[in-house]
Amino acid sequence: MGLQIGVIGAGGMGREHAANLTALPDVDVVVVADVVSEAAAAGAALAGAESSTDPGSVAARTDLDGLVIASPDHTHAALTIAAIHAGTPTLCEKPLADNVADAQAVVDAENAAGKRLVQVGFMREYDAAHLQLEQTMADLGALHHLRCVHRNTNVDLKRDLALVCSQSLIHDVHTTHWLSGSEFTAVMTQVVMTGERIEHVVVLGELANGASVTLEFVEANYGYDVEVEATCAHGMVIAAQPGQPIVRSDGSAHRYIGEDWFGRFRAAYQAEAADWIDSVRHRQARGPSTAQGLAAQRVIAAAITSAETGQRTAVT
Ligand code: ISE
């Protein structure tokens, strides 16, 4: 019998995790839960698992070897805390919570358990282009400036600033923490609207190690596009774009970018699943921690405050 894994959330991300886990040797996704019964049933069918419409009771099960939480963001904290109480190794999708207090509650619960049990799904740490950039930076001396650009195709969703920040920009905040090995001390946010829609968000950040950061989010309708560049003491490096072939047709040369994060980061999600399963087998959580999830949430809160007040805002 393989590892017995539960998946909570059967939307796009939950199904992605269920499929990636099912493809691994000696891993059985045994239950897929979603409050929407049709989604739960479809997710369960995909994984050959039982279905449940009660995520809370699945999170509290003590007979699972591991749990993946990919339900709506506002449910992450409570479900992760239930899994910690059950002693279950957990991969919780980002964000760890949708506010600082709830993220702090997860950190507190894990500390009280006396053992690290949770990995947060900041999957860029498993992306080949990001890993290559990290390695290259190590040869270029101290980081002076990091620039992360995140464009996605959610134009029609008309998300407010809190959602843009906690769903999208939080990736770039964590990327900064990871690649700089430092923390934000202050941020200044500028938001550009097109009518009632957020068009462009720019966060200027200061890091404790003296480096500066520019995080940009753009609601782009042409495709999903993530860029990272680091300027260091002895040179600068730009992350490679995934190696898609160049197709020449109809008088132009074309390279496919992808419409969403599933296309761009599919291999990273697969590597994340494999590494998380390995950590479950070794009974030692690794990868992005709840403390890092909380730290990212604090930067997001400061960035939102800065946009609202028009002031440079300290990150506490
Ligand atoms: C999603 O989780 C991502 O990974 C994308 O980068 C982000 O833009 C999107 O808003 C998230 O939901």
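Visitor: Which strands does H8 lie across, and at what angle to S1 does H8 run?

Guide: Happy to start there, with the reminder that this is a predicted model. H8 lies across S1 (3–8), S2, S4 (66–69), S5 (90–92) and S6. Its direction relative to S1 is about 130°.

Visitor: What is the order of the strands in the open sheet?

Guide: The sheet has 6 strands with parallel pairing. S3 (50–52) and S6 are the edge strands, each pairing on one side only. On average, neighbouring strands are turned by 20° against each other, direction ignored. Read across, the order is S3-S2-S1-S4-S5-S6.

Visitor: Which residues lie nearest the centre of the largest pocket?

Guide: That pocket has a volume of about 590 Å³. Helix H1 (12–22), strand S7 (143–152), helix H7 (161–180) and helix H8 (261–281) each supply at least two residues of its lining. The lining divides into 13 nonpolar, 11 polar and 5 charged residues. Of the 29 lining residues, those nearest the centre are Met13, Asp73, Lys94, Gln167 and Trp261.

Visitor: Which element gives the largest share of the lining of the second largest pocket?

Guide: The second largest pocket holds about 250 Å³ of space and is lined by 18 residues. Strand S6 (118–120) and H8 are the elements that give two or more residues to this lining. The largest share, 4 residues, comes from H8.

Methods
Residues are numbered from 1 along each chain as its sequence is written. This is a predicted model: local features need pLDDT of at least 70, side-chain atom pairs count only at pLDDT 80 or more; totals for chains, interfaces and linings use all residues. Side-chain values use heavy atoms; hydrogens and water are left out. On a 1 Å grid over the protein atoms alone, a cavity is a set of points where a 1.4 Å probe fits but cannot get out, and a pocket is an open set with protein on both sides within 12 Å along at least five of seven lines; lining residues have an atom within 4 Å of a point. Grid points are joined across faces, edges and corners, and a volume is the space filled by probe spheres set on the points. Ala, Val, Leu, Ile, Met, Phe, Trp, Tyr, Cys and Pro count as nonpolar, Asp, Glu, Lys and Arg as charged, and the others, Gly among them, as polar. Two strands pair if DSSP finds at least two bridges between them. Axes are lines fitted to C-alpha atoms, for helices over the stretch in contact, and angles run from 0 to 180 degrees between N-to-C directions. Contact means heavy atoms within 4.5 Å.
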